[in-house]
Amino acid sequence: MTTSSFSPFPDSSSAALNRRAAMLGALGLLALPATRADAAGTAKKAPQPQQQPHAAVWPHASLVPGGVARLSLGPAAVRPTAFTGDVPLLVLGDTIEWTALVGIPLAATPGDASITVRTEGRPERQIAYTIAPKQYREQRLTVAPRTVDLSPEDQSRYERERDHQATVIATLTDMRPDTALQMRVPVPGRRSSSFGLRRVFNGQSRNPHSGMDIAAGTGTPVLAPLPGKVIDTGEYFFNGGTVWVDHGGGLLTMYCHLSRIDVKVGDALKTGERLAAVGATGRVTGPHLHWSVMLNRAMVDPALFIAA
């Protein structure tokens, strides 16, 4: 099995895990929204969406860490705005019913959470939902020692790349409210169920795996799953050859371990247009595509956006 090791901010020690979690919380990547009173004095509980893996709607609802909550905002003449903490959420729909899509971080604590909703001409309100627990499996891998125990030079490089990618992750552009979000799989091949796996590299625990690995040979074309704009390309220490694509509304996709990059920053892509080729660069055990989907700065399971 070929696997990747991506997390936007990989750990280099157990102690670093706690420090980095605190740092990410400050960036808004791990923080859960605090429940505040609405005009009536309590958070309004939204009906919990049914988790129906075959429902003809994308992304599917999955109210677990690494999943997506679909919260009804009701009717309004103008599209409402919604936030988790201070991070804007993607709101789609029409005047009959608007829906907020909430990416739930893998580090989210199960239990009550809420979003803030602002609608023109109405008081600000809170909509509450419940995150259910999910136990992800553990995976133990053996990789090059230098990619686990970083030298001072590699640690410095990683920190520069981490800071740069934090700015990429914060990208927010508009998305049409009627946009369809069913994605096509970027490469053919066996899709692993690796999202959320708790990774142990050379006996040392690291952040959970935050994407989908797809088995494919070096040079296999990687195609855009939705229309979007290229916002970053580069060769990174852990991720190898990497491309980030912005689809609007805080929905981003990332492609790692590439052997070739065929696009540049600013390029507009159509669904199915080639952007790169599969490779085995960065921290890997063999050639494959690592594909991540990010929603409101939270890595979520790509399987929620594709047909089974």
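Predicted model: local features only at pLDDT ≥ 70, side-chain atom pairs only at ≥ 80, totals over all residues.
Local features are reported at pLDDT of at least 70 and side-chain atom pairs only at pLDDT 80 or more, whereas totals for chains, interfaces and linings use all residues. Residues are numbered from 1 along each chain as its sequence is written, and side-chain values use heavy atoms, with hydrogens and water left out.

**View A. Arg79 and Asp174 form a salt bridge between distant parts of the chain.** The separation is 3.2 Å from N to O, where a salt bridge is a side-chain nitrogen of Lys or Arg within 4 Å of a carboxyl oxygen of Asp or Glu; eight salt bridges are counted by this rule. Arg79 lies in the loop between β2 (68-74) and β3 (81-84), and Asp174, 95 residues apart from it, in the loop between α2 (152-169) and β10 (198-201), with helices (H or I, at least four residues) and strands (E, at least two) taken as DSSP runs numbered from the N terminus. Arg79 is partly exposed at 26% relative accessibility, while Asp174 is exposed at 65% (buried, under 20% relative accessible area; exposed, over 50%; partly exposed, in between; 1.4 Å probe, protein chains only).

**View B. Arg118 and Glu124 pair through their side chains.** This salt bridge spans 2.9 Å from N to O. Arg118 is partly exposed, with a relative accessible area of 40%, and Glu124 is likewise partly exposed, at 34%.

View C. Glu161 is buried at 11% relative accessibility, whereas Arg157 is partly exposed at 26%.

**View D. Arg260, Asp262 and Arg274 belong to one network.** These residues are connected by salt bridges that share partners.
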